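Please keep the sequence and the structure in view while reading.

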Amino acid sequence: MNYIDTHAHLDGPEFDADRDEVVARAKAAGVSHVLVPAIDLPSVAGVLATCDRYPGFAHPMAGLHPEEVRADFRDVLAQMRRLLPGRFIAIGEVGLDYYWSREYEREQLEAFEEQVRWSVETRLPLMIHCRKAQNEMVALLRRYETDLPGGVFHCFTGNVREADELLRFDRFALGIGGVLTFKKSHLPEVLPHIPMERIVLETDAPYMAPVPMRGKRNESAFVSHVLARAAECYGVEQGVLAEATNATVRRIFGPLG
């Protein structure tokens with residue numbers, strides 16, 4: 001049984017000491033592919049180098065993360081745009097984040113919209129990060145809805161109403177990660193309301209490790225715990241859910257090889 005981790009920061013410094021071992025553990029756990037997002041211009045080189053090191057397993061994405069949007073974001077985006085589509089399988093990690101601050105609210109909106117337009121132009125799907133900004137995100141995406149190729153709403157942790165709102169973007173899926181396993185999470189009650197073919201699995205490694213690994217550095221091998229809990233919520237065998245989520249990944253991102 002194989003499955004895909006659609007979001008892991010495998011290029012991060014947290015893995016510098018044992019990246020080969022992390023990848024070996026992921027493969028041993030059944031992970032067949034990992035999607036690796038860039039978050040700013042400097043990280044693009046690291047993402048590409050990481051994916052070069054694990055060809056056919058790690059796949060690069062490029063985007064400007066909302067928390068990395070600063071006053072110079074237009075210059076950053078201009079440099080990043082020249083790299084696309086290139087070897088990248090998606091535009092991400094992009095989106096809106098008003099959790100800590102709204103200092104760059106206008107800049108985040110402008111940067112996100114620019115990258116949404118890239119998706120339309122390049123036909124690369126979006127890997128979207130959204131925190132405390134769903135209303136703004138949805139309003140923006142609706143302007144491009146008919147032209148967008150699709151994507152993933154990364155790290156979905158919302159309620160049934162919020163899930164329904166996002167699922168109206170019919171070429172998109174919801175990324176389900178470690179939060180599903182947390183003791184106080186309401187996602188186990190929400191998940192059965194989401195069609196099985198509209199979710200993908202993710203870790204967001206090295207962050208958000210699932211139970212029973214909570215408190216440790218997350219890694220792609222731990223997506224097996226997310227799969228197990230999700231299958232339990234749907235009342236299906238793990239293999240059934242793995243096949244369904246793999247098919248959704250291929251539908252959105254194309255064949256990964």
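**Helix packing**

The structure is a predicted model. Two packed helices are described by the angle between their axes and the distance between the axes. Helix H3 covers residues 73–81 and helix H4 covers residues 105–122. Their axes lie 11 Å apart, at an angle of about 15 degrees. Angles under 35 degrees count as roughly parallel, and H3 and H4 are therefore roughly parallel to each other. The crossing of H3 past H4 is right-handed.

Which residues of H3 meet H4? They are Phe73, Arg74, Leu77, Met80 and Arg81. On the side of H4, the residues met include Glu110, Glu114 and Trp118. Sorted by class, this contact of H3 with H4 has five nonpolar, two polar and seven charged residues.

Helix H4 also packs with helix H5, which spans residues 134–142. The axes of H4 and H5 come within 11 Å and cross at roughly 35 degrees, and this crossing is right-handed. From H4, the contact draws on Leu109, Phe112, Glu113 and Val116, while H5 contributes Glu136, Met137, Leu140 and Leu141. The contact of H4 with H5 has six nonpolar, no polar and two charged residues.

**Pockets and cavity**

Rolling a probe the size of a water molecule over the atoms shows where empty space is left.

| Space | Volume | Lining by class |
|---|---|---|
| Largest pocket | about 1,200 Å³ | 18 nonpolar, twelve polar, ten charged |
| Second largest pocket | about 150 Å³ | four nonpolar, two polar, four charged |
| Largest cavity | about 40 Å³ | three nonpolar, no polar, three charged |

The largest pocket is lined by 40 residues. Which of them lie nearest its centre? These are His129, Cys130, Arg131, Cys155 and Asp204. Helix H2 (41–53), strand E5 (126–131), H5 and helix H6 (160–167) each supply at least two residues of this lining. Strand E5 gives the most, with four residues.

How many cavities of 30 Å³ or more does a search of the whole structure find? The search finds one. The largest cavity is lined by Glu145, Leu148, Phe169, Asp170, Arg171 and Phe172.

Terms used:
Residues are numbered from 1 along each chain as its sequence is written. This is a predicted model: local features need pLDDT of at least 70, side-chain atom pairs count only at pLDDT 80 or more; totals for chains, interfaces and linings use all residues. Side-chain values use heavy atoms; hydrogens and water are left out. On a 1 Å grid over the protein atoms alone, a cavity is a set of points where a 1.4 Å probe fits but cannot get out, and a pocket is an open set with protein on both sides within 12 Å along at least five of seven lines; lining residues have an atom within 4 Å of a point. Grid points are joined across faces, edges and corners, and a volume is the space filled by probe spheres set on the points. Ala, Val, Leu, Ile, Met, Phe, Trp, Tyr, Cys and Pro count as nonpolar, Asp, Glu, Lys and Arg as charged, and the others, Gly among them, as polar. Axes are lines fitted to C-alpha atoms, for helices over the stretch in contact, and angles run from 0 to 180 degrees between N-to-C directions. Angles under 35 degrees count as roughly parallel, over 145 as roughly antiparallel, 65 to 115 as roughly perpendicular and the rest as oblique. A crossing is left-handed if the near helix is turned anticlockwise from the far one by less than a right angle, and right-handed if clockwise. Contact means heavy atoms within 4.5 Å.
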